[in-house]
Amino acid sequence: MPPSTLTDSQLPAPEAGWRKPRNAPSLREVYGSIKVPPASASFWRKLFAFWGPGLMVAVGYMDPGNWATDLAGGSRYGYTLLSVILISNLFAMLLQHLSVKLGIVTGRDLAQACRDHYSKPVAMVLWFLCEVAIAACDLAEVIGSAIALNLLFGLPLTWGVVLTVLDVLVVLYFQNKGFRVIESIVAGLTVIIFGCFVYEIIVSNPDYYAMLGGLVPRPEIVTNPQMLYIAIGILGATVMPHNLYLHSSIVQTRQIEQTVPGKRMAIKFATIDSTVALFLAFFVNAAILVTAAATFHKTGRYDVADINDAHQLLTPVLGAGAASMLFAVALLASGQNSTLTGTLAGQIVMEGFLNIRLKPWLRRLLTRSIAVVPALIVTLIYGEKGTGQLLVLSQVILSLQLSFAVVPLVLFTSSKAKMGVFVNGPAVQVLAWTVSGIIIVLNVYLLWQTFTGA
C-alpha cells in the first residue's frame with residue numbers, strides 16, 4: 001500500500017526515543033506521492049527525483065524581507081555585510097541538512113517531533129513563537145507584493161495590501177494540482193528572480209575587488225550597533241525558522257525505501273538539492289546588496305533602505321530603464337514564491353503542534369489576515385517609509401525566534417535514541433551547537449542593546 005494511503009491505525013509504532021506513536025504525516029495528501037528510482041539508477045535520475053524541496057525552501061531565503069535588509073546593508077555599509085550573507089547561508093545549509101535528516105529518518109516533521117518530546121506547555125510556547133515567525137514572514141510577503149504592484153502598475157499600497165488576500169485562491173488552486181506542479185512554479189519564479197539580478201549586477205558595474213573583500217568578516221560588524229542590527233536582520237531574513245519545519249515535512253513527499261540504504265540515499269540527494277538551491281539564494285541576496293552598494297553607497301546615498309526608493313533611483317543612477325522594471329518584476333516573483341511556501345509551512349506547523357487539520361483555505365486566510373492588518377495600519381499611517389521599516393523589523397523578529405527552532409532541531413538529530421545510526425557525528429554536533437550558540441548570543445546582544453538603548 002503506498003504511504004499516501006496509510007490510515008492513522010496503520011502507521012508504524014514509535015521508534016525508541018519517542019514517547020508516543022507517530023501521528024499521520026503532515027500534508028497527508030502528498031505524503032509519499034512522488035516515486036524515486038531504485039538505487040541502481042543513474043546519479044542524475046535520482047537527483048531529478050529529489051530535486052524540488054530545496055528550491056521551495058530556498059525561496060524563503062530570498063523573500064521581500066531579505067530585500068529590505070540587503071538594501072539597507074548595501075547602501076549604508078557598501079560591501080561589508082556580504083560576509084554576513086555568506087555566513088548566514090552556510091548556517092542555513094547545515095540546518096536544512098539536519099531538517100532533511102529528521103524528516104527522512106524519523107518520518108516526523110520538526111513540529112511533530114517537538115510535540116512528542118516536550119511537555120504540552122512548552123510545545124504550546126514553541127507553537128506560538130513559530131506562528132509569530134510565520135506572521136512576520138507573511139507580513140514581508142504582503143508588503144513586498146504590494147510594493148511590486150505599486151511599482152509595476154501604479155496601484156496604491158493600501159489596495160495592493162488588500163489584493164494580496166486574493167492569492168489565497170491562487171495557492172489553493174495550484175495545491176490541488178499535485179506537488180510537482182507547485183515545485184515547477186517555484187522553480188520558474190526562481191529563474192525569473194535569478195535572471196533579473198544577473199542583469200542588475202551587470203549594469204551596476206560593481207567593484208569586484210571590494211566584493212571579494214566584503215566576503216571576509218570584519219570586527220566592526222559586531223562592535224557597530226547600527227551595523228549589528230542590520231546584520232542580525234540579514235541573519236533572520238536568511239535562516240528562516242519556519243523553513244526548518246517546512247523542509248522536514250516536504251522531503252517526505254518522496255516515496256523512499258524505509259531501509260537504512262534507502263534513507264541514506266534520500267538524505268544524500270535531498271541535501272544536494274537544498275545545498276545547490278541555497279547557493280542560488282546566496283547569489284540573489286548578495287546581488288541585492290551588491291547592487292545597492294554599487295548604485296547607492298558609491299554615489300553617497302547611504303540612507304536607501306526602502307524598496308520603493310531603490311526602484312525610483314535605479315534608473316537615473318544606472319541609466320538603464322529596464323533595471324528598475326526588472327527590479328519590480330523580481331520583487332513580485334519573490335513575494336508570490338514565498339506565499340506558496342508560507343502556506344505550506346503554516347499548515348505543517350499547526351498540524352504538527354496542535355494535531356488540528358484546518359481546511360487549507362481557512363488556515364491561509366487566518367495567516368494572511370494576521371499579516372494584512374498591521375501592514376494596512378502602517379501603510380495608512382506612515383506610508384512608504386513605514387512599510388520599509390516594518391520589513392526590516394519583521395526580519396529581526398524572525399531572527400529572535402530562530403533559536404527556538406534551531407535548538408530542538410540540533411537536539412533531536414544529535415539523539416542516538418531518536419536517530420539511530422543516522423545520529424549526528426561528533427564533528428557535526430560540535431558545529432551545529434556552535435552555530436546555535438552564535439545565533440543565541442547575537443540575539444541576546446541585540447535584545448540588550450534594544451532595551452538598554454546602547
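Start by colouring the predicted model by pLDDT, the predictor's confidence in each residue, from 0 to 100. The protein averages 78, and 78% of the residues score at least 70. Now select residues 1-14: pLDDT is below 50 there, and beyond near neighbours in sequence this stretch has 20 contacts in the model, a contact being heavy atoms within 4.5 Å. Where pLDDT is low, the predicted coordinates should not be read in detail.

A word on ground rules: residues are numbered from 1 along each chain as its sequence is written, and side-chain values use heavy atoms, leaving out hydrogens and water. Local features need pLDDT of at least 70 and side-chain atom pairs count only at pLDDT 80 or more, while totals for chains, interfaces and linings use all residues.

Switch to cartoon. You have 19 helices and two strands; these are DSSP runs numbered from the N terminus, helices being H or I with at least four residues and strands E with at least two. Of the 454 residues, 58% count as buried, that is, under 20% relative accessible area with a 1.4 Å probe, protein chains only. Among contacts with a separation of 6 or more, 84% join residues 24 or more positions apart.

Next, select helix α4 (residues 82-106) and helix α14 (residues 260-295), which pack at about 155° with their axes 9 Å apart. Axes here are lines fitted to C-alpha atoms over the stretch in contact, and angles run from 0 to 180 degrees between N-to-C directions. So α4 is roughly antiparallel to α14, the label for angles over 145 degrees. The contact of α4 with α14 has 18 nonpolar, seven polar and two charged residues; nonpolar covers Ala, Val, Leu, Ile, Met, Phe, Trp, Tyr, Cys and Pro, charged covers Asp, Glu, Lys and Arg, and the others, Gly among them, are polar.

Zoom in on Phe282, in α14. Is Phe282 buried or exposed? Phe282 is buried, with a relative accessible area of 18%. Leaving out residues up to four places away in sequence, Phe282 touches Ile85, Leu86, Asn89 and Leu215.

The axes of α9 and α14 come within 9 Å and cross at roughly 30°, so α9 is roughly parallel to α14 (angles under 35 degrees). Show side chains where they meet: Phe194 and Phe197 are among those in α9, with Phe283 and Ile288 among those in α14.

Terms used:
Parallel < 35°, antiparallel > 145°, perpendicular 65-115°, else oblique. Buried < 20%, exposed > 50% of the residue type's maximum accessible area, 1.4 Å probe, protein only.
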